[in-house]
Amino acid sequence: MNSLFALCIAITSIILVVAAQKGQYPLSSSKDSEAEALISSGWWNAYYETKNISSDQYCRWPGIDCDNSGHVVGISTAEFCSYPLSFEQLNLLAFPHLTSVHLGGCGLVQTIPTQIGALSKLTSLSLSLNNLTGGLPPSLANLTKLETLDKSFNRISGSIPVEIGKLSSLNYLDLHGNEIGGPIPSTLCQLTSLKTLDLSFNEINGSIPTNIGNLTELVYLHLESNKIMGTIPFSFYKLTNLMHLRLYSNQISGSIQKEIGLFTNLMRLELSNNKIHGVIPKELGQLTNLSRLYLYSNQLSGQIPPELGQSTNLSRLNLSSNQLSGQIPPELGHLTNLSSLDLSSNQLSGQIPPELGQLTNLSSLDLSSNQLSGQIPPELGQLTNLSSLDYYFKLIDLSGNSLEGHIPIDFGLGASASFCDLNLSHNNLSGPIPYSLVNLDFVDLSYNALEGPIPLEIWCKFSNASFLNKNLVYQIPTKEKHQVYIKIFLPLAVLLLVSVGYLLLYKLKSNKANPNQSLATRHGDIFKIWNFDGKIAYGDIIEATEDFDIKYCIGTGGYGSVYRVELPSGRVVALKKLHKREGENPTYDKCFKNEAKILSQKRHQNIVKLFGYCLHKHCMFLIYDYMERGSLFCVLRYEHERVNVVKSIAHALSYMHHDCIPPILHRDVSTNNILLDSKLEARLSYFGIARVLDPDSSNQTQIAGTRGYIAPELAYTMIVNEKCDVYSFGVIALETISGSHPGEFISSIIRRSTAENIILQDFLDKRLPQLVDLRVATDIVRVVRIALACLNPNPKARPSMKEVSQEFLVNNPPKLSRPLHNISMSELMN
């Protein structure tokens, strides 16, 4: 018995020792399996092979976060991406301590593995911007600690599993941009911590769950562009924390209840393209934070409530394509922040309230296709008479009504008139055509009762289709119109030929009187850099400009004036002459000579060409190639093809930084210093403060350049390098695409949360045509993405201009997987 007892004790001791040993080494074993899984995935091979970091130091690899025990708790591809990746390469079961997985934008293929449900400690899972297919695995329900789930922009199909209601900690759910069908499960409304729910741009059908009112913490609700039917349930109006409500492009019916007035935090309400009927509730006027109200393309009837005039933060109001009747309430004139007002295609009657003339921030006013009558209030003319420097394209469309009386002469007056389109067609307007309309960008006056002569300048500027009226004079066919052109310009051409002949005779006589002085010696070779004292060239310039007569002046800068000069050979050039007073200032003198020196030594197709210069002490000027379209600052407000302009400037700066020895910094890259020729080819100009980058110097300098384009680090480092030009280029690129200086946006991108609310489509210039060409849209996305990288607050994180230039030389960038209105600026910043 004693021997048996001793044997039991021995066996028990052995078991305890083995158990102790097993308990002593599981930590090491777990870490080894994590390391093995990371290495075998191959995702990080290129990194630790090239950086000489051993495979057992995986906590130092990019995108890997470890806890204090050395366990992997986070995997992210934000810092690297070996595109494309596959879930089959990475054994997720080897990482039981994972709390965060962010694998966005790396081309992940195949389906979401079911074993992902074993990562019970996960709090954040992001698989957006990939090519994942198949359905959402029900095993996701095991992730009860999950707070963020983002699987947007994939090709996920199937339906939302009812098990999703078990994710009780979830506060962010984003599944938009997939192919998910079926109804929204009622169990989803058990996620009472949700603040963001985005199921937009899918194939979801059925109705909105009746228990959606349980989601009282919701701030952002996006269900747009699906196939949702039925009415908005009454419990919906319990979601009083909502700031964004977007249900547009569905098949929702029913009416908008007066309880919508409880949504006092609402900033965006977008219910357009549905089957909503009934009246617009007056309670919408209580939403004083509302900035966008889109109710267009529904079946709304009744009158526009005057109470809408109380929503003074509204910037965009679109009620078009409904069945609204009655008069336009004058109270809408209180919405002075409006940039767009569209009431078109309704049954509105009565007169246009003159109070709409107070909406001086409007870029678009569309009252077309209604039953409006009476005269056009002259106050509307103020919409083309703004003196602000921030010009925007304007549209005023009053066509398809029963308006009468004369056209107000105020249309076409003012600084911003040349940016305005005016459509008054299909009305009963009478009287003459005001001459002031010649200043507008587009006019359509057809199908009215106008009478009298068409001012010749107006008739020549706009097409015949703009003047289809019975009683207008000069309504003649194109052939006769051409005859009028001939009658006008033929005498001018004859006079010009006679003048040229007289000039040739004069020159011939002059040469005979001085046979030893050749024409080349007399005038010098203007297409070479002049290195003499300028006496000969000075005489030629005096003759060509009539002693710098102001009629030849086409612009004035800080220290010089620019003249358009036609040389004896017929070549037209631009001449920049230093003002006499500034010429006596050593600083301006230095800048002028610096520009002559740099441009005389450098040649590039996207840098303005210097033909010659004169540095005489009594007269200093530079002669450039003449750029017909002027500066980008002016032209970008008219032209639509802008991507090539950005590319040209990138190539010019790349040449200066990387192909010139030593490198040259421009230091004043701005829209004023980018010139365009007749073919909209861009040239970088003004090198007055440019400097050579000295590798053996600290390159400290005073702040120089144009405000709004200067790199922020110059304010505290005073050290100039090529990354300063890179920052300025980023500003130029965004300004070219958006149509205005992006100063406010640049200030906001430091706060990523702000950038998340800015949609790329909204950032683009509204004058750009609808982008139906995928290639053009892809180019615009590429420009914005590169520009944002160039604006990085950390200069070292900005790309070089050579990298930017080479990126633009790639002819086949990755194609877009979704439209521009589904891309946020924050995505392009990553």
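**Entry 1: cysteines**

I began with Cys724, which is buried at 7% relative accessibility. Buried means under 20% relative accessible area, exposed means over 50%, and partly exposed lies in between, with a 1.4 Å probe and protein chains only. Cys790 counts as buried too, because its relative accessibility is 0%.

I noted the ground rules next. This is a predicted model, where local features need pLDDT of at least 70, side-chain atom pairs count only at pLDDT 80 or more, and totals for chains, interfaces and linings use all residues. Residues are numbered from 1 along each chain as its sequence is written, and side-chain values use heavy atoms, with hydrogens and water left out.

How many disulfides does a search of the whole structure find? I got 1 disulfide. The term covers a pair of cysteine sulfur atoms within 2.5 Å. A disulfide is a covalent bond between the sulfur atoms of two cysteines. Here the partners are Cys59 and Cys66, with their sulfur atoms 2.1 Å apart. I checked the turn about the S-S bond: it is -95°, and the link of Cys59 and Cys66 is left-handed. Are these two buried or partly exposed? Cys59 is partly exposed because its relative accessibility is 34%. Cys66 is partly exposed as well, at 25%.

**Entry 2: the whole chain**

I stepped back to the totals. The protein chain has 19 helices and 37 strands. Helices (H or I, at least four residues) and strands (E, at least two) are DSSP runs, numbered from the N terminus. The chain holds 830 residues, and 49% of them are buried.

I then looked at contacts, meaning heavy atoms within 4.5 Å. I took the contacts with a separation of 6 or more; residues 24 or more positions apart account for 54% of them. The chain exposes about 39,300 Å², and carbon and sulfur atoms supply 53% of that area. Accessible areas come from the Shrake-Rupley method with a 1.4 Å probe; for residues, only the protein chains shown count as cover.

**Entry 3: nonpolar cores**

I looked up the largest nonpolar core and found 124 residues in it. Such a core is a set of buried Ala, Val, Leu, Ile, Met, Phe, Trp, Tyr and Cys residues joined through side-chain atoms within 4.5 Å. Leu125, Leu188 and Leu221 have the most contacts inside this core. The elements that give two or more residues to it are α2 (26-41), β2 (72-76), β24 (420-423) and α4 (456-461). The largest share, 3 residues, comes from α2.

Why does this core lie between domain 1 and domain 2? Domain 1 (64-239) and domain 2 (349-474) both give residues to it, so it lies between them. The bounds come from an automatic or database domain assignment.

**Entry 4: the loop between β5 and β6**

I picked two residues in one loop. Ser152 is found in the loop between β5 and β6, and Gly158 lies there as well, with β5 at 148-150 and β6 at 172-174. Ser152 is buried because its relative accessible area is 3%. Gly158 is partly exposed, at 42%.

I listed contacts, leaving aside neighbours within four places in sequence. Ser152 touches several residues in this sense, among them Leu127, Asp174 and His176. Gly158 is in contact with Glu179, Ile180 and Gly181. Gly158 and Gly181 are 23 residues apart along the chain, yet their C-alpha atoms are separated by 5.8 Å.

**Entry 5: positive phi**

Most residues other than glycine have a negative phi, and most peptide bonds are trans. I looked up two residues with a positive value. Phi of Ser321 is near 55°. Ser321 sits in the loop between β16 (316-318) and β17 (323-326), and is partly exposed at 32%. Phi of Tyr447 is also near 55°. Tyr447 sits in the loop between β26 (442-444) and β27 (449-453), and is partly exposed at 46%.

**Entry 6: a record**

Which residue does UniProt mark as "binding site"? The unreviewed entry places that feature at Lys576. UniProt positions follow the numbering used here, feature names are shortened, and annotations may be inferred rather than shown by experiment. I found Lys576 in strand β31 (residues 572-578). Lys576 counts as buried because its relative accessibility is 13%.
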